[in-house]
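Here are some comments for a reader who is new to looking at protein models. Please keep the sequence and the structure open beside the text while working through the points.

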Amino acid sequence: MRVLFGKDVIKYENGKLIEHTSRQTFKWILHNLKYFDIDRKGNISSDKKLKAFVELAYMLNMFYPYTSNQKDVEKISEFIHQCILRHDFLGEIMHDLDGLAGLAVLEEFELNYGSSQYHFELEKIVGHHVDSIVEKPPFREMDIKYSLEKANVTSTLPSYSVLLESTILGKEVSFAYISPMETYSITHTLFYLTDMGRRTPPVEFDKQSSMKKLFSLIQFYVQKRDMDILAELIICINFLKCELNEFQTKYIAECINLISSMQKKDGRVPPVIYHPAKDREREFINCYHTTLVTLGVTQSFER
């Protein structure tokens, strides 16, 4: 009789822990929504406020539609929607076209919840080939292409196959010597190729080879105690939907235990380089991204 391992086994055996971790991250996000407010006065710079807000919308898009925590998702979604209606995001993007993907993320959010805010403007920007003119690292170009795709706008950028060739993942470089930013390149490339776990990559792709590389990185970042990158790597494992062996299944379960053990009582998860701040705004900036990614890893077991 064949014994199966993998995501479903982890979810079955660690379900209560995953659910608790998810619930705590939602609790922290709701308690700190005011710091995600792009128009809030305070010590957070405008660019940091914009980044935090777009990343909150990005996370809700990533796992839409949600199958759990519906009430919390509704509260956060209403907050994002009201901020979009109130703030001139379009004006900001027109003065800084590097934020094109961010505007597309907000359009995707609005489309998910039944409306459109920026379709005409995005079509106009892409009509001038701005998406392919703005110089970006290869995985950021894929980010733009994917974000526009999710906003129902056709990009002028090359195909996923062409873009993949120039990424860290596509170049087949040794994973033993890559930097944290190059690791982010790998995780985000997989996010876009799999449509956040919703599809098989639309390119020729050796999933088993990628899985082995992801596990080597996971083991490295466990040693580094970097919960941010570790969580993204586990999300990729779940998005690829590969069958895991017994060792891999147990190891991912141990990683989930590690991430949960790093979560504070109020729900926040500190980054790898962490200096606690007495000021609540600064502590928010310290922890919001790792906390959002921790929410993501719990939600990836639902997909």
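1. Contact means heavy atoms within 4.5 Å, and helices (H or I, at least four residues) are DSSP runs numbered from the N terminus. This is a predicted model, in which local features need pLDDT of at least 70 and side-chain atom pairs count only at pLDDT 80 or more, while totals for chains, interfaces and linings use all residues. Residues are numbered from 1 along each chain as its sequence is written, and side-chain values use heavy atoms, with hydrogens and water left out.

2. Helix 12 (residues 180–193) has 14 residues and reaches 20 Å from its first C-alpha to its last, close to the 20 Å expected, where the expected span is 1.5 Å times one less than the number of residues. Of these 14 residues, 11 are buried (under 20% relative accessible area, with a 1.4 Å probe and protein chains only), so helix 12 is largely enclosed by the rest of the structure. The buried residues, among them Thr183, Tyr184 and Phe191, pack against several helices, including helix 3 (46–62) and helix 13 (207–224).

3. A search of the whole structure finds 13 salt bridges, each being a side-chain nitrogen of Lys or Arg within 4 Å of a carboxyl oxygen of Asp or Glu. One of them joins Glu302 to Lys11, with the closest N and O atoms 3.4 Å apart. Glu302 lies in the segment after helix 16 (280–299) and Lys11 in helix 1 (residues 7–31), so the pair ties together parts that are 291 residues apart in sequence.

4. The side chains of Glu19 and Arg23 also meet in a salt bridge (3.4 Å, N to O), and both residues lie in helix 1, four residues apart, about one turn of the helix.

Note on methods. Helix = DSSP H or I, 4+ residues; strand = E, 2+ residues; numbered from the N terminus. Buried < 20%, exposed > 50% of the residue type's maximum accessible area, 1.4 Å probe, protein only.
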